[in-house]
Amino acid sequence: MAVSYQKLFDLMRDKKMKRKDLIERAGISYATIAKLEKGDNVQMEVLEKICREFKCQLNDIAEMKFDK
């Protein structure tokens, strides 16, 4: 089982937001963006910051991918 943040990157693309913009506006680091891109674990605080920036819910930026 893994977490996918593809929804976040789709949302960013739809809003024409670059990774650099998210880093500045949400107050997260480049290392965190790298973790999100790889589907690695990130702190809930980070996800909360991103949700606040987009005024969205957690399921709008992440989803569970289950192994078969």
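Select Glu-37 to begin: with a relative accessible area of 43%, Glu-37 is partly exposed, a label for values between buried (under 20% relative accessible area) and exposed (over 50%), using a 1.4 Å probe and protein chains only. You are looking at a predicted model, where local features need pLDDT of at least 70, side-chain atom pairs count only at pLDDT 80 or more, and totals for chains, interfaces and linings use all residues. Residues are numbered from 1 along each chain as its sequence is written, and side-chain values use heavy atoms, with hydrogens and water left out.

**From Glu-37 to Arg-19**

Glu-37 and Arg-19 form a salt bridge, and their closest N and O atoms are 2.3 Å apart. A salt bridge here is a side-chain nitrogen of Lys or Arg within 4 Å of a carboxyl oxygen of Asp or Glu. Side chains of opposite charge can pair when their charged atoms come close. Arg-19 is partly exposed, at 41% relative accessibility.

**Inside helix H3**

Next, select Thr-32, which lies in helix H3 (residues 30-38). Helices are DSSP runs (H or I, at least four residues), numbered from the N terminus. Is Thr-32 buried or exposed? Thr-32 counts as buried, because its relative accessibility is 13%. Show its neighbours too: leaving aside residues up to four places away in sequence, Thr-32 touches Val-42 and Val-46. Contact means heavy atoms within 4.5 Å.

Move on to Glu-53 and Arg-25, whose side chains meet in a salt bridge (2.7 Å, N to O). This pair links distant parts of the chain, 28 residues apart: Glu-53 is in helix H4 (residues 44-54) and Arg-25 in helix H2. Arg-25 counts as exposed, at 53% relative accessibility.

H2 and H4 pack at an angle of about 100°, and their axes are 10 Å apart. The axes are lines fitted to C-alpha atoms over the stretch in contact, and angles run from 0 to 180 degrees between N-to-C directions. H2 and H4 are therefore roughly perpendicular to each other, a term for angles of 65 to 115 degrees. To see the contact, select Leu-22, Arg-25 and Ala-26 in H2, which meet Lys-49, Glu-53 and Phe-54 in H4.

**Last stops**

Select Glu-63 and Lys-65: they form a salt bridge, with the closest N and O atoms 3.6 Å apart. Glu-63 is partly exposed at 29%, and Lys-65 is partly exposed at 42%. Finally, pick Asp-10, Arg-13 and Asp-14, which are linked in a network of salt bridges. How many salt bridges does the rule give? The count comes to 7.

Note on methods
Helices (H or I, at least four residues) and strands (E, at least two) are DSSP runs, numbered from the N terminus. Angles under 35 degrees count as roughly parallel, over 145 as roughly antiparallel, 65 to 115 as roughly perpendicular and the rest as oblique.
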